[in-house]
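Reader: I'm new to this structure and would like a close look at one part of it. Could you pick a helix, show me how it sits among its neighbours, and then walk me out to the rest of the chain?

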Amino acid sequence: MFKSTLLYALYNLSDDQAEYQILDRLSFLRFPGLDLEDRVPDAKTIWMYREQLAQADVIQSLFADFDRYLKGQDYLAMGGQIIDALIVSVPKQRNPRDGNAKIKSGETPEGWADETVKLRQKDTDARWTKKRGQSHFGYKNHINIDRRHKLVRRYEVSDAAVHDSQTLDALLDENNTSSQVWADNACRSAEIG
């Protein structure tokens, strides 16, 4: 299941697309160690597995274990670091202005607590951002890729309003033996230069 989650993340797939691609591509089937006669995890199973990892707060430790495995296979981080962020859009919320103000301050808008169905349908963690003059609502996946091996070494997830430069310290890998870092202008700030 963890390898299916890696495919999901590496190719920016939805749960349904991850299931479809594992069924459709022989390479995607082999990566998780499945054979043609094996049962492929469906979209709901992939989603539930990822949710359980998040709730158990073990994603970072699994990622660290995966990185140690890569180092043990001589995939050493020595070719420089590529830092980038990807906006992940989610359905836009249609809330009144006073409701949005309460959500941004961490409160639950009036009347929502009584309507549990409505509350479950609202994404109160996503935020708005602008990129190239277009507004986007959702989150950002910030990643650090080893330039030589093209493998994701570190990642952070934030709401879309977080500036890319704010996650740079968490993304940079001090164990990468190359001093070269490739990042776009979005990673610049007054402190970084």
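This is a predicted model: local features need pLDDT of at least 70, side-chain atom pairs count only at pLDDT 80 or more; totals for chains, interfaces and linings use all residues.

Author: A residue counts as buried here when its relative accessible area is under 20%, as exposed when that value is over 50%, and as partly exposed in between.

Let's get our bearings before zooming in. The protein chain has 8 helices and 5 strands, and along the sequence they come in the order α-α-α-α-α-β-α-α-β-β-β-α-β. Taken along the principal axes, the C-alpha atoms fill a box of roughly 55 × 55 × 30 Å. If you take the contacts between residues at least 6 apart in sequence, 60% of them join residues at least 24 apart.

Now for the close look, which is at helix α2. Its buried residues are Asp15, Ala18, Gln21 and Ile22. Seen down the axis of α2, these buried residues fall within an arc of 125 degrees, so they line one face of the helix. What do the buried residues of α2 pack against? They pack against α1, α3 and α4.

The side chain of Asp15 makes a polar contact with the side chain of Arg50, at 2.7 Å. Arg50 belongs to helix α4, which covers residues 43-55. Is Arg50 buried or exposed? Arg50 counts as buried because its relative accessibility is 17%, and the cut-off for buried is under 20%. Leaving aside residues up to four places away in sequence, Arg50 touches Thr5, Tyr8 and Asp15.

Staying in this neighbourhood, let's turn to the aromatic rings. A search of the whole structure turns up 2 aromatic pairs. In one of them, Tyr11 and Phe28 are tilted, with 4.9 Å from centre to centre and 45 degrees between the planes. The two residues are 17 apart and link distant parts of the chain: Tyr11 is in the loop between α1 (2-10) and α2 (15-24), while Phe28 is in helix α3 (residues 26-30). Tyr11 counts as partly exposed, because its relative accessibility is 46%. Phe28, at 4%, counts as buried.

The other pair is Trp128 with Phe137, also tilted, at 5.1 Å centre to centre and 45 degrees between the planes. Trp128 has 41% relative accessibility and so counts as partly exposed, whereas Phe137, at 7%, counts as buried.

Back at Phe28, there is a charge to notice too: the charged end of Arg25 sits over the Phe28 ring, 4.8 Å from its centre. Likewise, the charged end of Lys3 sits over the ring of Phe31, 5.7 Å from the ring centre.

Strand β3 (residues 134-146) pairs with strand β1 (residues 81-89) in the antiparallel sense, over 9 bridges. Along that pairing, Ser89 stands opposite Gly138 in β3. Strand β2 (residues 127-131) also runs antiparallel to β3, joined to it by 5 bridges, and Thr129 stands opposite His136 in β3. Then comes strand β4 (residues 152-159), antiparallel to β3 and joined to it by 7 bridges. In that case, Lys140 stands opposite Ser158 in β4.

Two hairpins show up along the way. The hairpin of β2 and β3 has 2 residues between the strands, and Arg132 there takes a positive phi near 50 degrees. The hairpin of β3 and β4 has 5 residues between its strands, and Lys150 in the turn has a positive phi of about 60 degrees.

One last stop is Ser179, in the loop between α8 (168-171) and β5 (181-183). With 72% relative accessibility, Ser179 counts as exposed. Where does the chain bring Ser179 relative to Gln81? Although the two are 98 residues apart along the chain, their C-alpha atoms are separated by 8.3 Å.

Terms used: Residues are numbered from 1 along each chain as its sequence is written. Side-chain values use heavy atoms; hydrogens and water are left out. Helices (H or I, at least four residues) and strands (E, at least two) are DSSP runs, numbered from the N terminus. Buried means under 20% relative accessible area, exposed over 50%, partly exposed in between (1.4 Å probe, protein chains only). A polar contact is a pair of N or O atoms within 3.5 Å; within protein, one must be able to donate a hydrogen and the other to accept it, and residues adjacent in sequence count only if both atoms are side-chain atoms. Contact means heavy atoms within 4.5 Å. Two strands pair if DSSP finds at least two bridges between them. Rings of Phe, Tyr and Trp (its six-membered ring) pair if their centres lie within 6.5 Å; planes under 30 degrees apart count as stacked, over 60 as edge-to-face and the rest as tilted. A charge sits over a ring if NZ of Lys or CZ of Arg is within 6 Å of the ring centre and within 35 degrees of the ring normal. The arc is that of the directions from the helix axis to the C-beta atoms.
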